[in-house]
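Thanks for coming, everyone. Please take a look at the sequence and the structure on the screen, and then I'll walk you through them.

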Amino acid sequence: MVHHPVKSSRIASVAYDEQSATLEIRFRDRTTLQYQRVPSRIFSDFLSVVSKGRFYDGVVKGKFKEIRIA
């Protein structure tokens, strides 16, 4: 997956795989989480919103299956 750096105090970068509908989020503390069955629209919105942390908390966290990979 290709990671896109983002401006956020908590999130370093985000990536998305169309084939598997997997969203990957790398945090500044080096934790990396994957979320499965995420619509591509969520990834597009993630890149465009001003507050990445607020978007993550409200739209992604707890809404999709989470896998910690690092």
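A word on the source. This is a predicted model, so local features need pLDDT of at least 70, and side-chain atom pairs count only at pLDDT 80 or more, while totals for chains, interfaces and linings use all residues. Residues are numbered from 1 along each chain as its sequence is written, and side-chain values use heavy atoms, with hydrogens and water left out.

Now the overall layout. The protein chain has 2 helices and 5 strands. Read along the sequence, the pattern is β-β-β-β-α-α-β. The radius of gyration is 11 Å, close to the 11 Å that the globule rule gives for 70 residues, so the chain is as compact as a globular protein of that length. That radius is taken over C-alpha atoms, and the globule rule is 2.2 Å times the number of residues to the power 0.38. Helices (H or I, at least four residues) and strands (E, at least two) are DSSP runs, numbered from the N terminus.

Some totals. The C-alpha trace spans about 30 × 25 × 25 Å along its principal axes. Of the 70 residues, 41% count as buried. Take the contacts (heavy atoms within 4.5 Å). Among those between residues at least 6 apart in sequence, 38% join residues at least 24 apart.

Next, salt bridges. A salt bridge here is a side-chain nitrogen of Lys or Arg within 4 Å of a carboxyl oxygen of Asp or Glu. How many salt bridges does this rule give? The count comes to 3.

Back to Arg-26. Its side chain meets that of Glu-24 in a salt bridge, at 4.0 Å from N to O. Glu-24 counts as buried, at 7% relative accessibility.

The next pair is Arg-10 and Asp-57. Their closest N and O atoms are 3.0 Å apart. Arg-10 is partly exposed, at 33%. Asp-57 is partly exposed too, at 36%.

Then there is Asp-45 with Arg-41. Their side chains meet in a salt bridge at 3.9 Å, N to O. Where do these two residues lie? Both are in helix 1 (residues 40–48), 4 residues apart, about one turn of the helix. Asp-45 is partly exposed, with a relative accessible area of 28%.

Now some backbone angles. Most residues other than glycine have a negative phi. Which way does Ala-21 go, positive or negative? Phi of Ala-21 is near 55°, a positive value. Ala-21 sits in the loop between strand 2 and strand 3 (22–27). Ala-21 counts as buried, at 19% relative accessibility. Leaving aside neighbours within four places in sequence, Ala-21 is in contact with Tyr-16, Tyr-35, Gln-36, Arg-37 and Val-38. Ser-51 is 30 residues from Ala-21 along the chain, and their C-alpha atoms are separated by 23 Å.

Arg-30 has a positive phi as well, near 75°. Arg-30 lies in the loop between strand 3 and strand 4 (32–35). Is Arg-30 buried or exposed? Arg-30 is exposed, with a relative accessible area of 71%. From Arg-30 to Asp-45 is 15 residues in sequence and 23 Å in space, C-alpha to C-alpha.

That's the tour.

Methods. Buried means under 20% relative accessible area, exposed over 50%, partly exposed in between (1.4 Å probe, protein chains only).
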